[in-house]
Amino acid sequence: MEGAELAGKILSTWLTLVLGLILLPSAFGVSLGISEIYMKILVKTLEWATIRIEKGVPKESGLKSSASVGIIQRDESPMEKGLSGLRGRDFELSDAFYFSKKGLEAIVEDEVTQRFSSEELVSWNLLTRTNMNFQYISVRLTAVWVLGVLVRYCVLLPLRVTLAFIGISLLVIGTTLVGQLPDSSLKNWLSELVHLTCCRICVRALSGTIHYHNKQYRPQKGGICVANHTSPIDVLILTTDGCYAMVGQVHGGLMGIIQRAMVKACPHVWFERSEMKDRHLVTKRLKEHIADKKKLPILIFPEGTCINNTSVMMFKKGSFEIGGTIHPVAIKYNPQFGDAFWNSSKYNMVSYLLRMMTSWAIVCDVWYMPPMTREEGEDAVQFANRVKSAIAVQGGLTELPWDGGLKRAKVKDTFKEEQQKNYSKMLVGNGSL
Amino acid sequence: HGSPHSTLLEGSFDASSLLLRLYHRFRALDRNKKGYLSRVDLQQIGALAVNPLGERLAGGGGAGWEELLGEVDFPGFVRVLAHFRPVDDDDSGMRDPKQPEPLNSRMNKLRFVFQLYDLDRDGKISRHEMLQVLRLMVGVQVTEEQLESITDRTVQEADEDGDGAVSFLEFTKSLEKMDIEQKMSIRILK
């Protein structure tokens, strides 16, 4: 009996604390400063750890981080120079040397494949999962690491899971309740309140620290918000600071329940799987949505897949054909505190969320950018590239012309034909043989 | 540390750290964690897929890596890369002739490329094989007549004994003036 009473008391104090310190402030958008203190302690600890590691590793062993340094020296000379060619030169058996060298360079290191795995860290951040080359340094460091594991798994994880649970339940219940009301400005205001509160709770569930820059450019109603994609958390990060209408496929299970509840309170655009294939239908529905100036801005991730936050890949032109004003947003995560990238081939959603909840924190910067519209004589692809460059520059990310779809599919034949054309021109270009 | 792989890549840099990074790269390419690289794994590399010889290098169109060099497990992967090591000056002088030739010797580099052309591994590049490889390299951009004309010229220039095919010896002779070592070297960053 006593045991059950004690457990009951602990549970109720726990819940009161959570309610008072986290839930209520979230509802009012106020911060009590607890997370800031946590972050300060965390930063100090990681700095200390970095210094100890640097002291510990002898300089000669040279196990340098391969974070931004490649494995091989790339020879970026164009094909003409590499083939020692003048235009209209003949085929030589030796051409194969240049191509096999280029081919091997690509096999050892290519720009694209590395973007589909997590970014390597410059210095260890005391998480086992990022421990690539780092060796045992000292007892104190290992002790801190063990303490870290205990804190993360025994203190933070239960707290975060509780919060996530509460957040999602509130979202579903709240939006369903609000959905019962007739359409009015009260309904919209309440729906915004519910969305924002629940998102804030969910962000706390991940110990998220987000810095928003240039809030004056926050996406307006009737526009389209476009951002680089790193993980499903991106949605959470953006919706904490504003309400958006989301676009996507209808899922089953828990996601489906959330989606159906949300759409009752405010008009999101959910498609059935079969409808997604019909590009015209999708474009039509989105056009209708933004034509109504009272509706919330649409949120789209034009890359189409998760990239590891070191680069921005090709933006699919579909989102840029709808018209309307595009509000670009750049999102950059700080990998030192937790790796936000979702490697969907390695982890499913549940293990991904568990990894998120056992990281130190999710720290990111969000930059709102001035709106852009398609200019005269610019087609959708050029416009998409222009927006992509702007986002890459703002977020400090590399820009790649490759399609994120390369994660799963082969390169399109058109790219290969381009290269073949270049080579063929050299062989038979001037009509001389 | 005495493993055969580290001797393949030994030099003035840290072989074990390079091997580790290559191993991570191998793991990243090996999509289903099979333990070896298949043709499909290599074709997924964008920059390789657009390379005119990309298909041959990925093992398509004829004898592939698996037949040429054994299963492309990690040691095989390292062996292929070892062909592209720059030739050090101190290698040539002091080598023990009884030891097998290092993989990055001129002869072995030539042999690697010869095998890209010699689809059926019979030791000769026939006119037909040359045509096939050229077709792989240019796709649909060149007509059949132009391609045949190029093939005929190339084979005639290299063929010394008039058998209509290019043997390995003829291949090396036709390229004796070429600086193979420089063209086919990949420098490792320290």
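A salt bridge here means a side-chain nitrogen of Lys or Arg within 4 Å of a carboxyl oxygen of Asp or Glu. Please keep in mind throughout that this is a predicted model.

With that cut-off, the structure holds 17 salt bridges over all chains. Take A:Asp241 and A:Lys215, whose side chains form one of them, with N to O at 3.6 Å. A:Asp241 sits in the loop between α7 (233-239) and β3 (245-249) of chain A, and A:Lys215 in the loop between β1 (208-213) and β2 (224-227) of chain A, so this pair ties together parts that are 26 residues apart in sequence. Is each partner buried or exposed? A:Asp241 has 10% relative accessibility, so it counts as buried. A:Lys215 is at 41%, so it counts as partly exposed.

Next, A:Arg386. The side chain of A:Arg386 meets that of A:Glu375 in a salt bridge, at 3.6 Å from N to O. That pair links distant parts of the chain, with A:Arg386 in helix α12 (residues 380-395) of chain A and A:Glu375 in the loop between β8 (362-368) and α12 of chain A, 11 residues apart. A:Arg386 also meets A:Glu378 in a salt bridge, at 2.8 Å from N to O. On accessibility, A:Arg386 is at 27% and counts as partly exposed. A:Glu375 is partly exposed too, with a relative accessible area of 48%, whereas A:Glu378, at 13%, is buried.

Now the surface. Which residues form a nonpolar patch there? They are A:Leu181, A:Leu186, A:Trp189 and A:Leu193, and together they have about 390 Å² of accessible area. A:Leu193 belongs to helix α6 (residues 185-205) of chain A, and its relative accessible area is 34%, which makes it partly exposed.

UniProt, in an unreviewed entry, places the feature "transmembrane region" at residues 12-34 and 161-181 of chain A. In the model, residues 161-181 of chain A are 95% helix and 0% strand, and the end C-alpha atoms are 31 Å apart.

For chain A as a whole, the secondary structure comes to 13 helices and nine strands. Of its 433 residues, 47% are buried. Among contacts in chain A with a separation of 6 or more, 77% are between residues 24 or more positions apart. The accessible surface of chain A is about 21700 Å², and carbon and sulfur atoms account for 62% of that.

Last, confidence. Chain A has a mean pLDDT of 79, with 87% of its residues at 70 or more. For chain B the mean is 78, and 81% of its residues reach 70 or more. Where in chain A is confidence lowest, and where highest? Lowest is helix α3 (residues 79-82) of chain A, at a mean of 63, and highest is strand β7 (residues 326-333) of chain A, at 92. Over residues 59-68 of chain A, pLDDT stays under 50, and the model has 10 contacts beyond four places in sequence for that stretch. For the complex, the predictor gives an ipTM of 0.84 and a pTM of 0.73.

Conventions: Residues are numbered from 1 along each chain as its sequence is written. Chains are lettered from A and ligands numbered from 1 in the order in which they are written. This is a predicted model: local features need pLDDT of at least 70, side-chain atom pairs count only at pLDDT 80 or more; totals for chains, interfaces and linings use all residues. Side-chain values use heavy atoms; hydrogens and water are left out. Patches are made of residues with over 30% relative accessible area and no salt bridge: like charges are joined within 9 Å, nonpolar side chains (Val, Leu, Ile, Met, Phe, Trp, Tyr) within 5 Å. Accessible areas come from the Shrake-Rupley method with a 1.4 Å probe; for residues, only the protein chains shown count as cover. Helices (H or I, at least four residues) and strands (E, at least two) are DSSP runs, numbered from the N terminus. Buried means under 20% relative accessible area, exposed over 50%, partly exposed in between (1.4 Å probe, protein chains only). pLDDT is the predictor's confidence in each residue, from 0 to 100. UniProt positions are given in the numbering used here, feature names are shortened, and annotations may be inferred rather than shown by experiment. Contact means heavy atoms within 4.5 Å.
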